Amino acid sequence: MGKLIIKDTPLPTWKSNSGERIYKILRQNNFYDGDALNDDGVRVVNTTKSILETCVDPKGEPCNSIGLALGYVQSGKTISFTTLIAQALENEFKLIILFSG
């Protein structure tokens, strides 16, 4: 069985990369004006990047991290976790588990 590591200290900071997956999702969901991201698209990218960078560095020391997304109906939760998953895959996360309801 694996070892459980509990950290009370903040995780080390790291910088994520935005790849093609996130931009493809944003294009499919009308976050572009012509060839450029619109203001909402830029906000989604920046927010996704800041959320991901609070998670465990996938190339760093193994440890646990748990997150929770809450929001009102039609507040953007689906696009947020969809782009977050895309960005996590671009940054070499090996396992992503999503519980929704």
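In which helix does Ala88 lie? Select Ala88 and you will find that this residue lies in helix H3, where helices (H or I, at least four residues) and strands (E, at least two) are DSSP runs numbered from the N terminus. Before going further, note that this is a predicted model, in which local features need pLDDT of at least 70 and side-chain atom pairs count only at pLDDT 80 or more, while totals for chains, interfaces and linings use all residues. Residues are numbered from 1 along each chain as its sequence is written, and side-chain values use heavy atoms, with hydrogens and water left out.

Zoom out to the whole chain, which has three helices and two strands and follows the pattern α-β-β-α-α when read along the sequence. Of the 101 residues of the protein, 24% count as buried, a term that means under 20% relative accessible area, with exposed meaning over 50% and partly exposed in between (1.4 Å probe, protein chains only).

Return to Ala88, which counts as buried because its relative accessibility is 6%. Show next Leu52, Phe93 and Ile96, with which Ala88 is in contact once its neighbours within four places in sequence are left aside; contact here means heavy atoms within 4.5 Å. Then select Cys55, 33 residues apart from Ala88 along the chain, and find the C-alpha atoms of the two separated by 9.6 Å.

Finally, move to Ile97, in the segment after helix H3 (77-90). Ile97 counts as exposed because its relative accessibility is 58%.
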